[in-house]
Amino acid sequence: MLKQNKNDNASNRKSYVGKVYNIGEKEIKKSILDSLNPEWAKKHKEGYIHIHDLDAYGLTYNCLTFDILNAFPYSKYEGLSEIEKIISTFDFIKELVAKMGNEQSGGMSFANFDNDFATIFTNMNVNYKDKKDIFAASIRSLIIFCNNMHTRMGQTSYYVTFNIGLANNDFARFLAFTLIDEFYKSGSLVYKPNIVFKVHKGISRNKEDNNYDLLEKALLCTAKKMIPTYLLCDCEADKNIDPSKLSIMGCRTRVVDDLYGKQGAIGRSNIDNISINLPRLALESVRDCQSADIKERYETLKEKWKHIAELTKDILLDRFEKTCNSDKDLFPTNLEYNLWCEDFNTTDLKEIFKHGTLSIGFIGLTETVEIITGKKYWKDNDAYKLALDFVKFMRNYVDSQKEKYHLNFSLLATSGELISGRFVKIDKKIFDCEILKKDYYTNSFHVDVDSKIPAYRKIQYEGPFHIYANGGCITYVELAEAPLGNAVGLDELVEIAIESGVHYLGFNFPKDVCADCGTTGTFDYCPECGSHNITRIRRVSGYLEIQDFFTSGKMKESQNRKTN
Ligand SMILES: [Zn+2]
């Protein structure tokens, strides 16, 4: 199969355009760093923080949940036959994905693919009942487009997420079913787009609910393909929000509260995010504290974090201001289709972008607590209390900045594809300790990937953190192998997750595919044909990717994963 050198991004494939882009990207990143306040640039270079998508600094925002009902260009399809309307509408989705992939630095999401497109087709007088085959073929084609097109920046695939599950009529149910079904039936090497299933009481959660059959279908698909993941609308953090307004990016970004009145994700964005290297601050706290007193170390950690968070907040503000002063002509697709919650043509960029979130992220909570207390937070009650208290402390700070600057600051539990390895690499040059030897830091507040604790326990430990990470987070359950056919087992874990406060849940298992005969499972060589030509699909930073393309930190982490 296609081999490739080390990447900054697991979804990259080589091309000459990509090569040219990468050279330019490096130059731009360097010149942007040089243009920033030297103290900020220094903290980034020294690995205290990571400014994500640095090349896009001041040029564009991160990700967007499209206001598709507002954006849909009905007039373009007037006079077409029903079949032409179906084909053209799916072409339009692909067009949006391809154009927006180059207009913003991060992912794109559809909040209610099932209900919204049922509405759009109904508005165009398209009936699905005698055209199910055409719909199925169009959805299949859309899936293949998302999976196969590595054309963004000449090398990367598009980060697209379809949220479904709340379908409230037969047409919408048909679209949700078909999306899952076509994804289920797609080949072993089809692992995109991301599909998020919304679980909600009275609609899609319990046996008596109208869409419970869709949940069962989704779980069967997850058991085979790790997709969909699950947005748990009845969890503590989301239970009072209209579930149709909720939408998740595959990467986990959550946009809900808005100081300017547009609650929910639709037509809104994460503008930018910066992650803080927590273990570094913990290592420094231990070094700087004369005594081994945990309380003293913890207070030092909080002081250090606050200092870095202040600086991080300043960078986010600077970037926000610059993005608001960006050239509107850099957003031709937004101008053409109006995908935001404000009219893009007539509104100042600042009045549009103020609806977005500015996120302060963190990585390596488990390492941090272990450095401070000497214990794993999921093995010791006091350490667990400290872990929760620290995340709450970070959230309180973020909320205080929200009030102070009247902007939607949020706390992000960062997945950290690149930084999981980058931060450790730098920290190893300064510190020598056991915790650094595994060569990666654990994702956000997650329990260590090699904890081996049962799935339900992992869910119960991580659940209480979700309500604080209002900028996005996910809990994963690591399974030994594909739980084929065991939708009931997964459903039980979904229920435990809702009760534990989890707002977004994913199931991971190793998926190896024989490149010669297509056999799938978990193996070093193919049990059917003996081939050693194996493609390994794993989840990284929310999206499934081929392991050969992982960054070094994520490679180490995925090799260390033990089942729950
Ligand atoms: Zn084989």
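Between which two elements does the loop holding Pro193 lie? I began my entries with this residue, keeping in mind that the model is predicted, and I found Pro193 in the loop between H7 and strand E5 (194-199). The peptide bond that leads from Lys192 into Pro193 is cis, with omega near 5°. I noted beside this that most peptide bonds are trans.

**Entry: H7 and H8.** Sorted by class, the contact of H7 with H8 has eight nonpolar and four charged residues, and no polar ones.

**Entry: positive phi.** I next went through backbone angles, for which I kept in mind that most residues other than glycine have a negative phi. Arg252, in the loop between E6 and strand E7 (269-277), has a positive phi of about 100° although it is not a glycine. Lys452, in the loop between helix H15 (419-430) and helix H16 (455-462), also has a positive phi, near 60°. Are these two residues buried or exposed? Arg252 is buried, because 24 other C-beta atoms lie within 10 Å and 20 or more are enough to count as buried, whereas Lys452 has 12 C-beta neighbours inside 10 Å and so counts as exposed.

**Entry: Leu36.** I found Leu36 in the loop between helix H1 (16-35) and helix H2 (38-45), and with 18 C-beta neighbours inside 10 Å it counts as partly exposed. Leu36 and Arg319 are 283 residues apart in sequence, yet their C-alpha atoms are 10.0 Å apart in space.

**Entry: the whole chain.** Last, I stepped back to the protein chain, which has 18 helices and 15 strands. Its radius of gyration is 23 Å, close to the 24 Å that the globule rule gives for 564 residues, so the chain is as compact as a globular protein of that length. Of the 564 residues, 51% count as buried. Among contacts between residues at least 6 apart in sequence, 75% join residues at least 24 apart.

Notes:
Residues are numbered from 1 along each chain as its sequence is written. This is a predicted model: local features need pLDDT of at least 70, side-chain atom pairs count only at pLDDT 80 or more; totals for chains, interfaces and linings use all residues. Helices (H or I, at least four residues) and strands (E, at least two) are DSSP runs, numbered from the N terminus. The radius of gyration is taken over C-alpha atoms; the globule rule is 2.2 Å times the number of residues to the power 0.38. Two residues are in contact if their C-beta atoms, placed from the backbone, lie within 7 Å. Ala, Val, Leu, Ile, Met, Phe, Trp, Tyr, Cys and Pro count as nonpolar, Asp, Glu, Lys and Arg as charged, and the others, Gly among them, as polar.
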